[in-house]
Amino acid sequence: MTTDILTDADRSFLFVLGSSRPEGNSETLARAAAEQLPADIPQRWVDLAKDPLPDFQDGRHEDGTWPVSEQEEELRRLTLEATDIVIVSPLYWYTVSANTKRYLDYWSGWLGVPGLDFKKRMAGRTLWGVTAMSEEDEVRADGLITALNHSAAYLGMRFGGVLLGNGSRPGQVRGDERAITRAKTFFEREAPLARFPAEEETGER
């Protein structure tokens, strides 16, 4: 995987649903954006609530290996096969949901798997976010945006930003005309290489 921008023919999307509620506002907004993708771009959807990962146990600095479940193996495979990974999580306490955070914690474990080269293989891929929030003040999602941007920056990924919508009650986001409008072109935007703030100031990478 290089850091070159891929053509549509090379792209594939993995949507990781992190809400504890089925068909929530974040998922509704993500599907509105996904509908705009060309039909020949593969999409895969994973619902972390329907098939939850167990709590992550960090064994990177311990002797031996830790068991890998079929579920973890499948999610790792899907993650590495996708060129574009979309984190779909409501704003919970100003960051991602517990299910989403657990998935990202597993990235830490995959970094240490011998021969997997997880960090090298993730470099150049694109991370996106979609979130629904109960407040209309979008600044309150800065913590979630920062967490995703910094995760992408650490792995040398591109970051396409976060599609924000307003919604708390089921289906409420459909009434957020601004969010639905932004969803129509969200995945068309150019995703630059993610940078930490210090790198943005110096221009270094």
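Predicted model: local features only at pLDDT ≥ 70, side-chain atom pairs only at ≥ 80, totals over all residues.
One of the places to look is V130, whose bridge partner in β5 is L163. To get from β4 to β5 the chain passes through helix α5, residues 142-155, and this β-α-β crossover is right-handed.

Now, how buried is strand β4 itself, and why might we call it largely enclosed? Buried here means a relative accessible area under 20%, and because eight of the eight residues of β4, residues 126-133, are buried, the strand is largely enclosed by the rest of the structure. In a regular strand, side chains alternate between the two faces of the sheet. If you follow β4 on your screen, you will find T126, W128, V130 and A132 pointing one way, while L127, G129, T131 and M133 point the other way, and the residues of both sets are all buried.

Let me finish with a residue in a helix, Q71, which lies in helix α2, residues 70-81. Its side chain reaches the backbone oxygen of P52 at 3.0 Å, and, if we set aside neighbours within four places in sequence, Q71 is in contact with D51, P52, L53 and P54.

Definitions and conventions. Residues numbered from 1 in each chain as written. Heavy atoms only, no water. Buried < 20%, exposed > 50% of the residue type's maximum accessible area, 1.4 Å probe, protein only. Helix = DSSP H or I, 4+ residues; strand = E, 2+ residues; numbered from the N terminus. Pairing = 2+ DSSP bridges. Right-handed = clockwise from strand over helix to strand, strands pointing away. Polar contact = N/O pair within 3.5 Å; in protein donor to acceptor, adjacent residues only side chain to side chain. Contact = heavy atoms within 4.5 Å.
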